[in-house]
Amino acid sequence: LFTSGMSDFKGAGLKPGLQIWRIENKVPKPWPEKQFGKFYEGDSYICLKTKQKPSSSSFEWDIFFWLGDESSQDEQGIAAYKTVELDEFLGGGPVQHREAQGHESTEFMQLFKSVQYLKGGVASGFKHVERGVHETSLLQLKGARIVRVSPVAVSAASLNSGDVFILVMSDTIIQWNGSEANKKEKAKALDVTKGIRDDERGGKCKILACDQGSELPEFWEGIGGKGAVKAAVSDDVVETKSAPKLIKVSDASGSLVKTEIASGTLSKSMLETSDVYLLDVGSEVSVWIGKGATAEEKKGGMKIATDYCHEGGRPKGTKVSKVMEGAEPTAFKSNFSTWNDAAALSFGYQASSRPRTESSTAADVVGNMLTGVKDMFSGGKRSSKSFLDNVESVSTEVWRIEDFKEVPLEENLYGQFYAGDSYIVKYTYKENSKLGYMIYFWQGSQSSADEKGASALIATRMDDEVGGAATQVRVVMGKEPSHFVRLFKGKMVIRSGGKASGFANRSEGDSYDTDGVSFFQIKGNSADDTRAVQVEEVAASLNSGDCFVLLTPGSMFVWQGKGANEAELEVANMIAETLKFTRTTTAVLEGSEPDEFWSAVGGKGEYPSDKVQLDVDRDPQLFHCSNETGTFKMEQIFDFAQADLEEDDIFLLDTFTSIFLWIGSEANATEKKKSLETASAYITAMKYSEDTSIITVSSGSEPPLFTSNFLGWSASATKKFVDPYEAKLAAMQKDNPKDAPPPAAPAAPSAPSAPMGNFKAPGTVQVTYADLKEGKVAGVDPTKKEQYLSDAEFASVMGSPRGEFNALKPWKQSQIKKAKGLF
């Protein structure tokens, strides 16, 4: 056993979630949560994903060791063997994955909202960054849902017409959109742009955007001058899959011997518990470790697979993973035609004489998607357990953002949120006698951009006040993590309305429900992680699977659907107790509603009258279907909400009794045709009954049976298609800082200054551009090279007269000087 490894990973894998360590001086050091998704190219990291098994107190783990392009062989080797130590620390059960920069698996990428590569690493040291001082940088973004953000040289030569680039300067952020970038990529890039402004710059930067061919002058100035733009480069990685090949690995003779057992059609019976096997499907190599394998074989499993890839000359991005007998993921099982396990599905590769490349049939589309989503069939419920179970609670404090300031809430209002507001929640806890802090900034779906920006800025300030010891968490309405909901012990209520924006020029006033009638949907899996969300006061908001609380001016009804669980009923009663004031409370069972109840919701109406009987360990699954990249693809959306439904695409909702196809108003004909074929192929792959119904739902005409699967569905949400890029850009630019007064007229050339040190004063001598670049003339001040040019050559080289150049901001001058080789 690895004693040192156990101390390196103390406390690892004890609760659901993600933990990351970076290799620093040959030792794994915890990586701060606020940096999750950011990786230095010169480093190696170990990422542990812990998931609680459905209806069980036990866990399952995935370990990813990520290797930066510039990380040393030593660091990569340490990351690999420390992964083995972590594996053994967790009892040998985790699935191991090797991830190479730029070639990460979908499973790894879905751990983060975006993945950003940063230059440098721990070995090269870090430059001290002075607060408020920022270097100009250029970021390249690739991907529409899972975004890779990479720093590139600040130069026009870095641009290509297929991607989006973000130029980050001192007080301005400019998003440049290549001519072939689609609107989703541009919209997703705006999220990154906004995140930089709000989270890194305190909401103080101006955001501008331009398209290829219509660039702003500020963009070319900031990037160092105009230049040719390269052609688009495809984002799609074509993975050539071959017939699965099973290879037995044995060290019985004293050295490792590899023997091919079979290819094409494989069965589970070929795997013997006392041996080690390699499963090679072309784009991925897995090493399977039998329970009876030797200790050395178990420890060296990943090395066996990695060496196999090197010997075969496989590309750097070839995926490598290790699985243990008895803990095989579904993606592994799918390569075997027979597997004596009811949970295994026969999708994925089917024996064929041709390699599998791009998806062409509906079965391929489904197979590609399912093969890439590990364990989606083993259950999807999120555990109600969290880090709160392992710490001592000290205090919870809540503030609402009003006029850009945090205003404390009365303690009896803790847990009550308005969709039009933003809040700060500070949770203080004690772990091993040491205080810790979680600072959440909750942002309502109708909260103004300035309130959201202020919440992020205040959260950062509060973090600074505790010496940077807090973990900051941005919480979006409708996607609250379990550990946030549990702070309010079943009393979390989200209401409509909110305070008006703090900007004086805003016309909106405070907005609250003032008619005395409110309707709340209660939904959750346990008393701790159940919440109430205000919904429209109409019968269609009901569904038999949940509880609802209805408030009228004089009374309160707690409505229990026939399929509601005990946790939801318990929370419904707690919510009613919190909100009732002087009202009388009446318990109402579905089917026995009094006239007063129906009158308050506008009369009787249709709603899902039968409980959607879900598998006890599984939640509905939502999949995005689109041909935006030119190839029809299907991708799962985790922790979905109504906001995930995009008007220009199609979504498949699997409720396990029905398959819904939601058709966006702007979906194209190809997507509509392919989606029906894909839904049929999905039913076959999932081994559902052939009689499983496929229900087509049009945007704006969603039936309650569909909407009941979304928490807090709003039927009044706009049905008109809005270009996501244009809408986001317009909203962001409303919050740009007010333009400063126009600069004064360009100053006349300054009089020659007195010589300083051994430098010749600019104006007393003229030097040609060629001589300045080559450094042929002595006595030139290196910080003012351009000032030694003649007026004519200055205007020709620098692109403007000397007076106009001298009036530019220093950072703009520096960018131009760098571009001209005079910096």
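Okay, let's start with E786, which sits in the loop between α17 (769-774) and α18 (791-798). Helices here are DSSP runs of H or I with at least four residues, strands are E runs of at least two, and both are numbered from the N terminus. Buried or exposed, this E786? Buried, because its relative accessibility is 2%, where buried means under 20% relative accessible area, exposed over 50% and partly exposed in between, with a 1.4 Å probe and protein chains only. Setting aside neighbours within four places in sequence, E786 touches F794, M798, R802, F805, K817 and L822; contact is heavy atoms within 4.5 Å.

Quick caveats. This is a predicted model, so local features need pLDDT of at least 70 and side-chain atom pairs pLDDT 80 or more, while totals for chains, interfaces and linings use all residues. Numbering runs from 1 along each chain as its sequence is written, and side-chain values use heavy atoms, with hydrogens and water left out.

Now the sheet. It's open and mixed, with 10 strands ordered β2-β1-β4-β5-β6-β17-β16-β15-β13-β14; strands pair if DSSP finds at least two bridges between them. At the edges, pairing on one side only, are β2 (27-30) and β14 (257-263).

Let's zoom in on β16. Five of its six residues are buried. Six bridges tie β16 (residues 284-289) to the parallel β17 (residues 319-324), and V285 has V320 as its bridge partner in β17. With β15, β16 runs antiparallel through five bridges, and Y277 is partnered with W288 in β16. These two strands make a hairpin with three residues between them, and G282 in the turn has a positive phi of about 95°.
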